[in-house]
Amino acid sequence: MTDAHDREIATMFDRIAARYDFLNRVLSFGTDVGWRRRAIARADIRADTTVVDVGAGTGDLAFASAARGAKVIAIDLSPGMLAVLSRRSTDAQRARIRPLVGSAESLPLPDGSVDRIVTGFTVRNVGDLGRAFAEFRRVLRPDGRAVVLELSHPPSGVFARLYSFYFDRVAPAIAALLGGDRDAYRYLPRSLRPFPDPDRLAAMLRDAGFRAVTYERLSFGIAAIHIAEV
């Protein structure tokens with residue numbers, strides 16, 4: 001962990017780790033499952049490739065990558081989240097997934113050492129996004145690919161206002177009612193407000209050295225997948 005921001009984020013996710021998966025499913029009405037499935041499909045993960053799951057959390061993308069035969073390094077700031085990942089893992093998954101506490105802004109990996117990077121609902125929590133994307137580019141091999149799944153800003157005015165009301169007001173209240181950490185689920189909508197829209201995020205990936213960057217919006221634009229090629 002490199003600074004106070006990382007420590008604050010790690011502490012927050014440690015607090016919510018035990019109920020993170022349950023509340024994600026409830027608050028997203030289960031759509032996050034399909035989003036992750038789509039992200040893994042776009043990553044084009046093959047047997048015996050090396051995949052880094054940045055912000056691995058409780059392991060959904062890491063498990064999906066391992067199921068495709070990859071060797072997975074599951075990196076997260078939060079030891080609590082990685083502890084849940086380890087508890088969820090089968091023996092076969094443990095043989096393929098290596099949990100590692102670390103930061104997206106300073107990946108503990110050699111240059112050009114991995115084939116794929118996948119990350120889900122992580123990059124909007126990063127303090128220096130440009131630095132993180134430069135790290136993604138640094139550790140990927142030639143012909144590597146990064147797939148970034150993150151919440152986004154719906155383009156439609158009416159739907160955007162309805163979604164903002166749900167995300168800012170309703171979701172934190174539901175989380176608290178179901179035993180979640182109210183402060184953490186108030187932070188989550190705040191983290192999205194300054195986050196770049198898909199065009200700007202694509203530009204940041206290009207600035208980091210990725211040569212081919214595309215994106216697709218999901219569920220009326222409340223999330224997006226960016227695909228960045230080395």
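The structure holds 2 cavities of 30 Å³ or more. A cavity here is a set of points, on a 1 Å grid over the protein atoms alone, where a 1.4 Å probe fits but cannot get out, and its lining residues have an atom within 4 Å of a point. This is a predicted model, in which local features need pLDDT of at least 70 and side-chain atom pairs count only at pLDDT 80 or more, while totals for chains, interfaces and linings use all residues. Residues are numbered from 1 along each chain as its sequence is written, and side-chain values use heavy atoms, with hydrogens and water left out.

**Stop one.** Select Gly-55, Ala-56, Gly-57, Asp-76 and Thr-122: of the 29 residues lining the largest cavity, these lie nearest its centre. Its volume is about 340 Å³, meaning the space filled by probe spheres set on the points.

**Stop two.** Now pick Glu-150, Leu-151, Ser-152, Phe-195, Pro-196, Asp-197, Pro-198, Leu-201, Ala-224 and His-226, which line the second largest cavity. That one has a volume of about 30 Å³.

**Stop three.** Show helix H7 (residues 129-139) and helix H10 (residues 198-207), which pack at an angle of about 50° with axes 8 Å apart. Helices are DSSP runs of H or I, at least four residues, numbered from the N terminus. Axes are lines fitted to C-alpha atoms over the stretch in contact, and angles run from 0 to 180 degrees between N-to-C directions. Which residues meet here? Leu-129, Gly-130 and Phe-133 in H7 meet Leu-201, Met-204 and Leu-205 in H10, contact being heavy atoms within 4.5 Å.

How values were computed
Helices (H or I, at least four residues) and strands (E, at least two) are DSSP runs, numbered from the N terminus. On a 1 Å grid over the protein atoms alone, a cavity is a set of points where a 1.4 Å probe fits but cannot get out, and a pocket is an open set with protein on both sides within 12 Å along at least five of seven lines; lining residues have an atom within 4 Å of a point.
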